[in-house]
Amino acid sequence: MTQTLAAGLQLVDRYEAADAPPGCYFRAIITVAMDACRLGWDGPLPEAFLHDAAPGYLTDDQRAGAGPTQWFGTALEEASTKVLGVAAALEPVPHPTAMGAQPGVWRLTDYLDAHGRATRKRYSPPVSFWTQAAHHATNAECLIALARAAEARRRDRAAELLFHRAAEAGDPRAYSALMNRCQRAGDRSGAERFAHLAAEGGDPRAYLALAFDGGTVDRHEVERLVQLAAEAGDPSGCPAVVKMHEEAGNRSGAEHFAQLAAQGGNPSGYTMLAVMHGEAGDWPGAEHFAQLAAQGGDPSGYTSLAQMRREDRQEAERLLHHAADTGHPHAYTMLTVMRGEAGDWPGAEHFAQLAAQGGDPSGYTSLAQMRREDRQEAERLLHHAADTGEPIAHKELVLMRHQDRLEAYRLVQSAADAGDRLAQPRLAAMRQEDQQKAYRLLRYAADASNPIACAELARMCEETGDRPGAEHFARRAAANGYRRAYTDLAAMCEETGDQPGAEHFAQLAAETGYGGTYASLAHKRAQDQREAERLTRLAAAAGDPWACGELAVVCEEAGDRPGALRFARLAVGAGDRQACLALAVVCEQAGDRPGAERFADLVADAGDTKVYEHLMQVCEKAGDRPGAERFARLAADAGNPYAHARLAQLREEAGDQPGAERLRQTQFE
């Protein structure tokens with residue numbers, strides 16, 4: 001293991017030190033391989049590709065000094081020589097079925113692959129890379145990935161060529177990508193041509209993208225494209241066109257597209273037809289289409305018709321029975337309500353039970369709402385709902401009892417206000433009794449793994465001085481997804497002056513991976529700067545990204561650049577890039593260009609290269625043209641889609657017309 005690690009480090013050192021000939025040729029072919037791997041080339045790398053792409057990675061002098069034939073052989077020999085007898089920069093690729101290695105292809109060693117991904121993520125390859133990748137790559141997935149990488153870096157001609165090659169390799173997604181490029185360029189006929197090719201290749205979604213995402217406003221054009229998609233096997237756009245026709249009052253057009261949806265395997269088309277025929281009074285036709293929809297897996301046609309025929313209870317119930325028979329438990333809930341409205345309570349409860357057995361316990365709560373006047377019966381039904389998993393049943397029970405007690409409290413309080421000396425003890429007894437009932441009800445909910453109930457029980461335990469009980473229920477709340485239970489308890493302790501207790505619960509929250517409780521305490525103790533910083537450090541150590549960012553700013557203000565960079569890295573790694581961006585701007589405005597770049601690089605390394613564009617704008621506003629050009633170039637190298645154009649403008653404004661033209665040329669190559 002030690003020898004393997006040492007070999008990896010030596011390979012990286014050899015690569016980084018290879019600046020002058022002949023080492024620069026070794027470095028060039030390895031950099032080609034690095035860029036290929038990080039941009040999506042997933043497979044063996046042909047020698048011819050490495051040979052043909054390498055010149056773009058060399059200076060004019062390095063190319064001029066290379067032997068016409070010897071340079072590549074020497075570079076390849078060095079790249080394939082093992083270091084310490086363990087690993088080489090380029091390794092042979094085993095033959096998939098026979099002995100030995102595949103001729104003429106190589107793979108980049110993992111050490112250098114990782115090094116390239118870490119150090120070159122902000123750089124865009126030269127023109128020779130894209131041109132030769134399009135010429136040598138044959139795998140469709142690889143070509144698509146490279147095309148998207150080129151597109152992201154505004155290598156427009158290269159992206160188009162790579163997409164064409166991917167399409168030739170048999171991937172219809174490439175035609176969809178080419179269609180999108182035509183749309184952006186305003187080439188409507190070209191976009192439709194590529195959509196047609198995509199559909200022929202098995203991807204009819206391109207028609208729908210053209211219909212709904214391509215700025216199409218002509219209804220007839222949308223219809224034509226949706227019909228083409230449906231005929232090619234994707235009817236998912238039909239419901240939208242059905243709605244368009246319905247809003248326009250065109251029933252025949254709506255029926256046509258509903259039929260298209262149904263024939264294409266979308267059962268909602270039959271449901272729409274069922275509703276249309278029902279609205280026209282054609283009940284046999286409506287039921288026929290509802291049956292077809294149910295057979296296709298959509299029983300909602302029956303429930304829709306039942307709603308429409310609600311006045312004819314017998315007919316509505318018959319349709320709901322059909323829906324229930326095809327696996328729609330909500331139909332039983334609807335039957336529950338209908339039987340309840342008719343006063344048939346046993347029948348209603350029977351259907352509520354069937355609905356719950358099918359996975360819809362809301363029938364019990366609906367029935368309980370209807371029977372609110374009979375409090376005992378309503379509570380019984382809500383308990384049934386709670387037992388079958390209805391999430392709001394516990395809440396309804398609490399509200400029901402709470403309303404009764406509020407009225408009782410009001411009457412006893414009125415008696416106390418009128419001078420009844422027995423009223424105050426009665427109020428105290430009522431409160432104690434209510435607390436006991438609430439505790440029992442919450443225990444019941446907590447036993448069903450309700451995290452909010454667990455959190456409330458934790459709060460009640462803490463209020464009564466039961467710290468072990470508070471911890472127990474807070475842990476259960478956190479285990480069921482409510483980590484803020486610890487934060488709530490910490491806040492309670494902090495408000496009562498129990499700072500050790502507050503930090504105890506913050507520590508428990510941190511153990512679950514949530515550092516925000518420490519951050520909350522830091523804000524509450526903001527007047528004590530040293531204490532706030534200590535808590536913020538604890539929050540940052542627990543992984544709170546905003547705390548890391550705040551601490552990075554604190555360190556920078558205190559002159560602790562290493563500390564600022566350390567916490568900025570933690571913040572970016574945890575998803576907070578704003579602090580790093582702010583620090584980069586502060587450094588730039590203070591004239592600290594190296595500091596600005598270091599903080600900007602942290603953000604860019606995390607995938608957000610717009611930081612360079614932002615700093616470019618800061619420099620422009622300050623009248624710092626060299627600084628603006630510096631950050632524009634960094635943004636362009638990182639693949640920012642607008643930086644090339646802005647960099648060309650800056651060169652032009654500086655009087656460098658040839659330089660501006662060269663930049664514009666490379667933008668479209």
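A charge is said to sit over a ring if NZ of Lys or CZ of Arg is within 6 Å of the ring centre and within 35 degrees of the ring normal. In this model the charged end of arginine 27 meets that rule, sitting over the ring of tyrosine 15 at 4.6 Å from its centre. The model is a predicted one, in which local features need pLDDT of at least 70 and side-chain atom pairs count only at pLDDT 80 or more, while totals for chains, interfaces and linings use all residues. Residues are numbered from 1 along each chain as its sequence is written, and side-chain values use heavy atoms, with hydrogens and water left out.

Rings of Phe, Tyr and Trp (its six-membered ring) pair if their centres lie within 6.5 Å, planes under 30 degrees apart counting as stacked, over 60 as edge-to-face and the rest as tilted. The count by this rule is five aromatic pairs. Tryptophan 71 and phenylalanine 72 make an edge-to-face pair, with 5.5 Å centre to centre and 70° between the planes. Tryptophan 71 is buried at 11% relative accessibility, where buried means under 20% relative accessible area (1.4 Å probe, protein chains only), and phenylalanine 72 is likewise buried, at 11%.

One aromatic cluster is formed by Trp41, Phe49, Phe129 and Trp130. Trp130 is also among the residues in contact (heavy atoms within 4.5 Å) with serine 124, together with Arg153, Arg155, Ala636 and Asp637, when neighbours within four places in sequence are left aside. Serine 124 counts as buried because its relative accessible area is 14%.

Conventions. Buried means under 20% relative accessible area, exposed over 50%, partly exposed in between (1.4 Å probe, protein chains only).
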